[in-house]
Amino acid sequence: MILGLDLPYWASTLIKVGIALVAVPTATALIVQTFLFKTMAFMQSRLGPMEAGPHGSLQLMADGAKFVQKELIVPDHADRKVFVLAPVIVLISTFLLYVVVPIGPGAVGEALDTGIFFALAVSSISVIGILAAGWSSANKYSLIGGLRAAGQLIAYELPLVLAVVGVVMLAGTMSLQGIVHAQSNFHLFGSSIALPFFIPQIVGFVLFLIAAQAELTQPPFDMPVAESELVAGYQTEYSGLLFLFFYIGEFGTAFALAAIASTLFLGGWWIPLYHPSGAWGDVFGFGVLFVKTMLVSFLIFWIRFTYPRLREDQLQAFAWKVLIPVALGNLVVTAVFKVVLH
Amino acid sequence: MPQLKLPGLVKGLGVTFTTMLRPKVTVQYTGPHGKEREAPPTRARGVIALKEENCTVCMLCARSCPDWCIYIEGHKDKAPPRREGGKPRTVQYLDRFDIDYSLCMYCGICVEVCPFDALFWSPEFEYSEARIADLLHDKGRLGEWMETVPEPLALEAGAEAKKGGKK
Amino acid sequence: MSSTVSDRQRAAYIATQAADARVNVEIEAEGMTLNIGPQHPATHGTLRIVVRLDGEQVLWAEPIPGYMHRGYEKLAEVRTYPQITTLVNRIDWLGSFCNEVPFILAAEKLLGVEAPPRAQYIRTVLFELGRIANLILFLGDMGVQLGAVTPVFYAFRDREYVLNLIESATGGRFHPNYDRIGGLKEDLPKGWIDETKGALRHVRDFCDEMETLLLGNEIFAKRCRGIGVIPAHIALEYGLSGANARASGIDFDLRRDEPSPLAWKDADWKVWTHTDGDAFARYWCRLQEVRESTKIVEQLLGGLPSGSIQAKVPRIIKVSAGEAWVHTENPLGEMGYYIVSQGGLGPFRCKIRTPSFSNVSIVPWLLRGVFVPDVITILASLYFILGDIDR
């Protein structure tokens, strides 16, 4: 069902694919422009791009055009097929993430019952792409970057998943739309207004944000792309269109994970007191989700610009020795609460 | 670990956040937003200007340049006597005085060493060219830079008053 | 020096050849040879370090300097003293004025000339400003090597104030070329002292920011504490100087310990040492040194003697025959000039002892057994400048 029209499956799928092809790069562009260019610049006492477009807002278009028209350089000793496929895999993982995020009471790419499970599973596909990129580049730096990435991403999957399990327990469903509805009905200790999940699950929220930071290989967890050591880690040999794919993959996933975090913990498209419905409800919900996503993204990027990076073994130790025990503890407490309060 | 970690990490976030809200230091040099310029200090070594009437072709500047970037040619000729009934004087005429700014180190030895105050520093710096050969400034161009030469600055308290006019 | 090549040297040679090879992915049984540099974001300039890795651990490392050798000492043989002063600015290009001072002092020693007190004071002030400019960059740069992208921008922003000061007095931001045999080129412009006091306020604020942003950051501490520990006796053996030695507990500062015509003895300041000898200690030491330098500058400017800034020297200076060695505490360590003069317009031979050359010599010893990211931390904390190593 799109816009109230009853379309055959192939038509609605085509429209959804079209929307995704437009929405994902736009979201990426927005995030890159606002945070990577402007906010980073402001935090560093400088203005950022100011030439392309008013206040430099079209800088990414210029960058994108530059990337697209570059020559496709594949190193001599690289495995050509894998080399070209690797960024595509990462990009597919990003696009698939946007399918399940609900935008409004009636608007979602595909209302899956296993919503968040699907999202987490699909976000892990990018690990294959990164490993493939690192190995096929025939470059020692890329190899080191790819190996680091694999270890890190797999290690931080667990806190990510465990943080989500707490929310799923409270909501009773894995569907993201269902989780938003659960938050609109969640009254803690008989409070009059419904509360989003980040209040009972504050530990889970923090865990999710930290794990998301690591999944996105952002500082302080950006060993795979440690600029000052490995030049660009697994992305070293990539230029032009393939690099653009990695770029879109990284920031598209950032937007998607921020949107998922807002949906799981901050209430998604729902806010406590005002509940529109119909088409206006979808638009309003989109606006609310957008604001929340930008706030979460601001947190992610604020931490990115401020902290130095952790070393690989410190990273792993942090994940296995700190985050996972805390996540498990959070699970136990949530389970106890759920049983006690019902 | 989480308890001990919080203070330092959080204070660091505060620093970046407050910097974000303060005015930015970028000077917008080009572009539609304006041609802001930060005027360089008066003593800045931007370009060397030549006062042709003072030059006596003594070649001291060309000899003392570490890069040998000054090209001087001159010839001797007779000039009319200063007063009636005197001998004609031998005077050096300056034919060619080129400074190659693609070699110049901006050290200032030539300006210092000139005994006749013919060379001066000017803070002008925007003379980049598309061709390296255009960076060879000839007599006329060096004379044009004289208009941009600033007055020597007043000195700090306690400095000895300068004797003579040597900059 | 024996004429036979040791096994270690032979292995190093083979490794460099291997690292040069076109095939980048080498599946070797006992580890991977990695070539860090000469073009690499982490080595401050064109330093090449060949490391042999076992996974992420370094088995041995060999620094190969020389990619930036400009032949200073040979150039000095065919230049006059003023010309060499100009060239020598460019050895340690961040601590601009500091390079000229020992050279000029050595020439003055040979001539038997002493600059008037006002000139000595201003020389010391500019020397300390050069130190501040150099070390501010280090404080920001260490952040970048560790992954924190923001501090380096603050460093460049606050360094501008110091560079503007140097420019308004001397005419050049990075290469002042201000020291002359017998004194200085010209006196300070009016208002310079007040401008300096304003700039020092910015420098102190910057130091406080760095303390909060980096020193107090737990991630920074985790990355730096216990990394690259240099025991004091090893530091002495390898000839480390400057903050590298002081961070290992060696209480040695040429400003205090070496009699010098410059005005450090007229200011009240202390030497900062640290006992740990790790990367964190080196960062901490340099941060305190910047603060201390601001104190020195303020005190000296408060008590600036009046008078001339140039002693009576002949127009064309021919330095009398003899040999002179003068060393000073430069921002990077101990820098010294050994001038052999035969009475000409320029020196017969000028030997330049640079601090970074000795500081880099400890790299093979220090890098054994460390992880690859720690390699970057250690190199960043040792703080060498390629112009200083290679001359």
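The questions and answers below go through confidence, domains, a sheet and a chain contact.

Modeller: This is a predicted model, in which local features need pLDDT of at least 70, side-chain atom pairs count only at pLDDT 80 or more, and totals for chains, interfaces and linings use all residues. Residues are numbered from 1 along each chain as its sequence is written, while chains are lettered from A and ligands numbered from 1 in the order in which they are written.

Colleague: In chain A, where is confidence lowest?

Modeller: pLDDT is the predictor's confidence in each residue, from 0 to 100. Chain A averages 82, and 94% of its residues score at least 70. Helices (H or I, at least four residues) and strands (E, at least two) are DSSP runs, numbered from the N terminus. In chain A the highest confidence, 89, is in helix α8 (residues 202-215), and the lowest, a mean of 50, is in helix α9 (residues 227-230) of chain A.

Colleague: Which strand gives the largest share of the side of domain 1 of chain C that touches domain 2 of chain C?

Modeller: An automatic or database domain assignment sets the bounds, and chain C is divided into domain 1 (7-64) and domain 2 (72-390). Counting residues as in contact if their C-beta atoms, placed from the backbone, lie within 7 Å, 16 residues of domain 1 of chain C meet 17 of domain 2 of chain C. On the domain 1 side, β2 (48-54) and β3 (57-64) of chain C each supply at least two residues. The largest share, six residues, comes from β3(C).

Colleague: Which residue of β7(C) is the bridge partner of C:Trp325?

Modeller: β6(C) runs antiparallel to β7 (residues 333-341) of chain C, and nine bridges join them. In β7(C), the partner of C:Trp325 is C:Tyr338.

Colleague: Which helix gives the most to the side of chain B that touches chain C?

Modeller: Between these chains, 28 residues of chain B are in contact with 31 residues of chain C. Seven residues on the chain B side come from the helix that gives the most, α1 (residues 2-21) of chain B.

Note on methods. Pairing = 2+ DSSP bridges. Contact = placed C-beta atoms within 7 Å.
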